[in-house]
Amino acid sequence: MFLFSSASGFIFACVLQVAGVPHPGPAISRADVSVVTQISSIQLADLAPYTEFARAAYCSPTIVTGWNCGQACEAVPGFEVSLTGGDGNNIQYYYVGYWPTENTVVVAHEGTDPTQLLSDLTDANVLMGPLDPVLFPGIDSSVEVHSGFANEHALTASIILEEVMSLISQYNTNSVTLVGHSLGGALAELDCVFMALNLPSSIAIKGVTYGTPRVGNTAWAALFDSLISDFQRINNKKDIVPIVPGRLLGFSHVQGEVHIVSDGYAVQCPGDDDATDSLCTIQSVPDILVGDILNHLGPYQGIYIGTIYCT
C-alpha cells in the first residue's frame with residue numbers, strides 16, 4: 001500500500017511535466033564546481049548526519065522531542081531539540097535544535113508522506129507565484145516559486161525563525177543548517193533564502209536536501225545562487241522527483257546537485273538545471289518513463305528516508 005501510494009502521488013504530479021570522466025575533488029564546495037567532479041568516500045560519509053536529520057523529520061514530534069526517534073536520532077548523539085511541530089498532514093512535521101558537534105542550529109522538515117493525501121495534493125499543485133514580501137523582503141516580483149510549497153512554508157516560517165534566533169543567541173553560534181527530503185527539501189530550500197534575508201549577514205547558511213523537486217523559476221534559481229553558497233541537493237540514482245515540476249512549465253533547479261550514480265559512487269554537477277554530462281540527473285533521467293520512484297526513498301549511502309524508516 002505504501003509503495004503504491006508513493007508512486008501514484010508523485011506520478012500525479014509528474015503527468016504535468018513533458019516528459020566525461022569525473023575529476024576527484026578534495027571537498028564539496030559548490031561555488032568551485034565547473035565540471036563534473038567525483039565525490040570521495042570521505043565526503044560521502046560526511047553527509048550521513050544530514051541524511052539522518054532528514055530521516056528523523058519523518059518521525060512524530062512526540063518522539064523527536066527529547067531526541068528519542070530510534071536509529072536516526074542515535075546516529076547523531078548529543079543533538080538538542082528545542083522545538084517540534086506539525087501534524088504530518090496539514091502541516092509537515094518539523095523540528096529545530098542545536099548540534100554541538102558542528103556548533104550550528106538545525107532546522108529539518110518532513111517530506112511528502114504518501115499516506116497523507118494533502119501532502120500529495122501540495123506536490124501536485126504546480127502553479128507559481130511571487131514570494132510573500134513580508135517573509136521575503138525586498139525580492140523582485142519576477143522571482144516566483146511553487147505556490148503549494150510557498151503556502152506550506154508560510155505556515156511555520158515565523159515560529160521557526162523566532163526559535164532559530166533564540167538558539168543563535170543562547171549558544172552564540174553563527175551558523176544555521178537547513179535539511180529536508182522531498183517536499184521537506186523544497187521547504188528547506190525556501191528556508192535557506194528566508195533565513196538569509198531575515199538573519200544578520202554574519203550568520204552562515206548551509207542547506208542539504210534530498211530528492212528535492214524544482215522549487216521556482218529561473219529568477220528564483222539566480223536569486224538563490226547569489227545568496228547561498230553552501231548548498232548540496234542530493235539526488236539518488238534514477239529518482240524521478242528531482243525532474244518535476246517540468247522545465248517547460250518554467251521551473252528550474254538551483255545549483256548544488258550531488259548525484260548518487262550508484263552505491264558508493266557520486267558526482268557533483270555544475271550549473272543549475274543545465275548540466276550536459278550523462279552522470280547528472282537532467283541527462284540520466286530525461287523523463288519519468290526512465291526513472292524509478294523507489295530510488296526516492298534511498299538508499300542514500302545506506303540510509304533510507306521516509307515514514308516507514310522512522311525506526
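This is a predicted model: local features need pLDDT of at least 70, side-chain atom pairs count only at pLDDT 80 or more; totals for chains, interfaces and linings use all residues.

Biologist: Thanks! Which residue of strand 8 stands opposite Val 105?

Modeller: That is Val 176.

Biologist: And in what sense do strand 4 and strand 5 pair?

Modeller: They are antiparallel, with 6 bridges between them. As an example, Tyr 94 has His 109 of strand 5 as its bridge partner. Strand 4 and strand 5 form a hairpin with 4 residues between the strands, and there Asn 103 has a positive phi near 50 degrees.

Biologist: How many residues of strand 5 are buried?

Modeller: 6 of its 6 residues are buried, and the strand is mostly covered. Thr 104, Val 106 and Ala 108 point one way, while Val 105, Val 107 and His 109 point the other way, and all of them are buried.

Biologist: Is Thr 112 buried or exposed?

Modeller: Thr 112 counts as buried, because its relative accessibility is 4% and the cut-off for buried is under 20%. Its side chain also makes a polar contact with the side chain of Ser 182, at 3.4 Å.

Biologist: Different loop now. What does Ile 91 touch?

Modeller: Leaving aside residues up to four places away in sequence, Ile 91 touches Gly 86, Glu 152, Leu 155 and Thr 156. Ile 91 sits in the loop between strand 3 (80-85) and strand 4 (94-99). Its relative accessible area is 26%, so Ile 91 is partly exposed.

Biologist: How many residues apart along the chain are Ile 91 and Glu 152?

Modeller: They are 61 residues apart along the chain, and their C-alpha atoms are separated by 6.9 Å.

Biologist: On to helices! At what angle do helix 7 and helix 8 pack?

Modeller: Helix 7 (residues 147-171) packs on helix 8 at about 50 degrees, and their axes are 10 Å apart. The contact includes Phe 149, Glu 152 and Leu 161 of helix 7, along with Leu 183, Leu 190 and Phe 194 of helix 8. The crossing of helix 7 and helix 8 is right-handed.

Biologist: And what about the crossing of helix 8 and helix 9, left-handed or right-handed?

Modeller: That one is left-handed. Helix 8 and helix 9 pack at about 55 degrees, again with axes 10 Å apart, so they count as oblique to each other.

Biologist: Which residues meet there?

Modeller: Glu 189, Leu 190, Cys 192, Val 193 and Leu 197 of helix 8 meet Trp 220, Leu 223, Phe 224 and Leu 227 of helix 9.

Biologist: Which residues of helix 9 are buried, and what covers them?

Modeller: In helix 9 (residues 218-227), the buried ones are Trp 220, Ala 221, Leu 223, Phe 224 and Asp 225. Their cover includes helix 8 (183-198), strand 7 (144-146), strand 10 (216-217), strand 11 (230-236) and strand 12 (251-252).

Biologist: Last one: what is found at the start of helix 9?

Modeller: There, a side-chain oxygen of Asn 217 comes within 3.2 Å of the backbone nitrogen of Ala 219.

Terms used
Residues are numbered from 1 along each chain as its sequence is written. Side-chain values use heavy atoms; hydrogens and water are left out. Buried means under 20% relative accessible area, exposed over 50%, partly exposed in between (1.4 Å probe, protein chains only). A polar contact is a pair of N or O atoms within 3.5 Å; within protein, one must be able to donate a hydrogen and the other to accept it, and residues adjacent in sequence count only if both atoms are side-chain atoms. Helices (H or I, at least four residues) and strands (E, at least two) are DSSP runs, numbered from the N terminus. Contact means heavy atoms within 4.5 Å. Two strands pair if DSSP finds at least two bridges between them. Axes are lines fitted to C-alpha atoms, for helices over the stretch in contact, and angles run from 0 to 180 degrees between N-to-C directions. Angles under 35 degrees count as roughly parallel, over 145 as roughly antiparallel, 65 to 115 as roughly perpendicular and the rest as oblique. A crossing is left-handed if the near helix is turned anticlockwise from the far one by less than a right angle, and right-handed if clockwise.
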